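Please keep the sequence and the structure at hand while reading.

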Amino acid sequence: MRTLTQFTLEMPDDVPFYENEDVLVRVRHSTLYDYRHTPDLQDHFMQCSDHLSRNPFVSLLPGMDEGDGEKVLDIGLRYYSGCSVRQVNIHRAIYVWEMITDVEHDTPVPSSRVSPSLLARAYSCLTHAYFELHRAAYNGEAVERDPTLPLDHPLPTRTPNPTLANDLLYVAALYADAAVQEGLVSPITLYTASWILDVGKRDGIDLKRSARYGGLTYLWRAEEARTREYQAEQKKKAAKVAKAPNAYICAAPGCGIAGNEKKALMKCGGRCPMARKPHYCSKECQKKDWKAHKAYCKPDDELSERPPGPPVDGAPKLNAEDNTIPLPPPLPDANYQGPAHAIEMDIPGEGRVRLESRNLTPAVLRWMRDMVTAQ
């Protein structure tokens with residue numbers, strides 16, 4: 001199950017924001033850092049704004065002639081994101097990054113100026129670019145060619161091309177494997193590996209052991225290590241929840257809001273013992289559940305019957321014939337930041353997805369789940 005994290009950033013008034021800077025930050029966050037050491041996003045935004053202010057795009061261009069690999073990498077990121085340049089140019093971004101990775105490039109960065117770290121980051125950026133081309137080819141989204149540059153392979157057009165999409169995904173995987181071999185396990189390398197496995201699962205093929213992908217030993221080794229980490233994290237989390245299952249999911253029927261921590265939900269203030277004390281995401285849910293909980297809001301020795309357990313699936317059962325679109329609840333203030341809440345939903349084409357947020361209220365999360373479920 002994929003976990004999506006929604007966040008809102010509150011930037012100081014004196015920090016400039018550049019067009020497409022959000023794209024640039026997301027790409028940098030996904031490509032330039034080890035997945036275990038990605039920077040705080042707000043700090044990253046502020047650092048990126050400062051970097052853009054101190055290093056206008058035109059100031060970087062001499063670096064291409066000087067063989068300055070760090071400036072070349074930065075230029076590629078600007079072209080790729082469309083930040084501080086006229087428009088997005090994926091084709092040129094790839095050409096620029098290959099100045100670092102390809103010794104046979106027509107204008108390569110001297111190998112003496114390419115450190116293992118720089119090489120790994122360039123490979124990671126190329127992974128992102130070719131994964132984006134893969135996605136575009138599959139969906140039939142045209143990617144514009146730069147007529148001033150050579151073209152080593154076809155670019156996606158408005159006609160979906162699964163064969164081209166598969167070839168581009170393989171190129172992305174090759175670059176991901178190279179990045180990991182150089183010591184960088186970035187989020188995009190792991191995402192690419194996960195995507196390949198999901199495609200294989202969909203088609204009933206073990207791509208990890210296929211003739212095409214089987215030789216990517218560094219990538220699969222990193223993917224397997226991350227999978228073991230994730231499984232250990234989930235096991236630890238499940239053990240924590242098992243000790244107090246009531247504390248991690250809203251007790252109101254049909255709610256489905258969960259908390260990553262006990263403090264994310266408010267507990268009943270009544271006389272019921274802590275072991276079975278219900279927790280709620282909001283006062284509205286507590287009021288909604290009071291009629292059902294009232295009879296059990298007392299010590300165990302005063303109960304005449306055993307109380308029900310915590311809810312298993314909070315998703316409401318919707319009537320397929322009811323086409324009414326529910327009105328969205330009031331959106332929180334732009335500066336709202338509460339405890340981390342989560343909700344699970346089934347998204348067509350994605351499967352079960354968990355959405356986590358500190359900036360959306362439980363009511364908004366439920367509305368999003370209900371809208372997706374109703375489609």
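The text below takes up salt bridges, then a charged patch, and finally aromatic pairs.

The model is predicted, so local features need pLDDT of at least 70 and side-chain atom pairs count only at pLDDT 80 or more, while totals for chains, interfaces and linings use all residues. Residues are numbered from 1 along each chain as its sequence is written, and side-chain values use heavy atoms, with hydrogens and water left out.

**Salt bridges**

A salt bridge is taken here as a side-chain nitrogen of Lys or Arg within 4 Å of a carboxyl oxygen of Asp or Glu, and a search of the whole structure finds 23 of them.

| Salt bridge | N to O distance |
|---|---|
| Asp203 and Arg202 | 2.9 Å |
| Arg352 and Glu344 | 3.2 Å |
| Glu356 and Arg354 | 3.0 Å |

Residues are called buried under 20% relative accessible area, exposed over 50% and partly exposed in between (1.4 Å probe, protein chains only). Asp203 is partly exposed at 43%, whereas Arg202, at 53%, counts as exposed. Salt bridges link Glu344, Arg352, Arg354 and Glu356, together with Asp346, in a network.

**A positive patch**

On the surface, Lys236, Lys240, Lys243, Lys262 and Lys267 gather in a patch of positive charge; such a patch is made of residues with over 30% relative accessible area and no salt bridge, like charges being joined within 9 Å. Each charge is placed at NZ for Lys. Helix α10 (residues 217–243) gives the most to this patch, with three residues, and Lys262 lies in the loop between β2 (258–259) and β3 (266–267). Helices (H or I, at least four residues) and strands (E, at least two) are DSSP runs, numbered from the N terminus. Lys262 counts as partly exposed, its relative accessibility being 48%.

**Aromatic pairs**

Rings of Phe, Tyr and Trp (its six-membered ring) pair if their centres lie within 6.5 Å, with planes under 30 degrees apart counted as stacked, over 60 as edge-to-face and the rest as tilted. By this rule there are nine aromatic pairs. One of them, Phe131 with Tyr191, is edge-to-face, at 5.5 Å centre to centre and 75° between the planes. Phe131 lies in helix α7 (residues 116–139) and Tyr191 in helix α9 (residues 187–203), so the pair ties together parts that are 60 residues apart in sequence. Phe131 is buried at 9% relative accessibility, whereas Tyr191 is partly exposed at 34%. Ring pairs also link Tyr123, Tyr130 and Tyr175 into a cluster.

Definitions and conventions: Patch = residues over 30% accessible without salt bridge, like charges linked within 9 Å, V, L, I, M, F, W, Y side chains within 5 Å. Areas by Shrake-Rupley, 256 points an atom, 1.4 Å probe, with all protein chains shown as cover. Lys, Arg positive; Asp, Glu negative; His and termini not counted.
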